[in-house]
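Look over the sequence and the model first.

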Amino acid sequence: MKDLLSDDFQQVVSECIVRHRSILDIISKQQEASGRVSRAVAKAATSCGCISINAEKAEIPEDISLQDLPNYMSNHVNGHLCDDCRDTLENEIGTQLFYLAALCNSFDLNLYDILLKERKRLHTLGIFNLT
Ligand SMILES: [Zn+2]
């Protein structure tokens, strides 16, 4: 069964994208959107201060199992996004999704089918998908 929300989203993107329909515009805009997502995270730390980022090398004991590994890995984020920063990040991720859907439309790919395929791949790999 197809996901109607995803298909509808791709249809709306197709209708909205008039000026930047070229694949060159889409891939460059997608990259720009990705940069803006990173910028929103950085600004939450450096301008707002609702979060802080404290990156350091993970100390992983040699005798732990793969299943225990996530317990020793940090995302290096302290605190929580405030409402403003959350809203900004959501908007930037939304723009990213827009151009991702536009990219799919350019090649007649179905975003939901890709999600299902990736989910199946992750499920198959399980703990061995060490990304
Ligand atoms: Zn904030």
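Buried means under 20% relative accessible area, exposed over 50%, and partly exposed in between, with a 1.4 Å probe and protein chains only. This is a predicted model: local features need pLDDT of at least 70, side-chain atom pairs count only at pLDDT 80 or more, and totals for chains, interfaces and linings use all residues. Residues are numbered from 1 along each chain as its sequence is written, and side-chain values use heavy atoms, with hydrogens and water left out.

Q: Is Cys82 buried, partly exposed or exposed?
A: The relative accessibility of Cys82 is 25%. That lies between the cut-offs of 20% and 50%. Cys82 therefore counts as partly exposed.

Q: What is the geometry of the zinc ion site?
A: Donors are N, O and S atoms within 2.8 Å of the metal (3.2 Å for Na, K and Ca); water is not among the atoms, so sites may look incomplete. Here the protein donors are the SG atoms of Cys48, Cys50, Cys82 and Cys85, 2.3 Å from the zinc ion. Four donors count as tetrahedral if all angles lie between 85 and 135 degrees. The angles run from 105 to 119 degrees, and the site is tetrahedral.

Q: Is Cys85 buried or exposed?
A: Cys85 is also a zinc donor, through SG. Its relative accessible area is 13%, so Cys85 is buried.

Q: How are the rings of Phe98 and Tyr99 arranged?
A: Rings of Phe, Tyr and Trp (its six-membered ring) pair if their centres lie within 6.5 Å; planes under 30 degrees apart count as stacked, over 60 as edge-to-face and the rest as tilted. The structure holds one aromatic pair. The centres of Phe98 and Tyr99 are 5.0 Å apart and the planes at 80 degrees, so the pair is edge-to-face.

Key:
Tetrahedral: all angles 85-135°; square planar, octahedral: opposite > 155°, others 65-115°.
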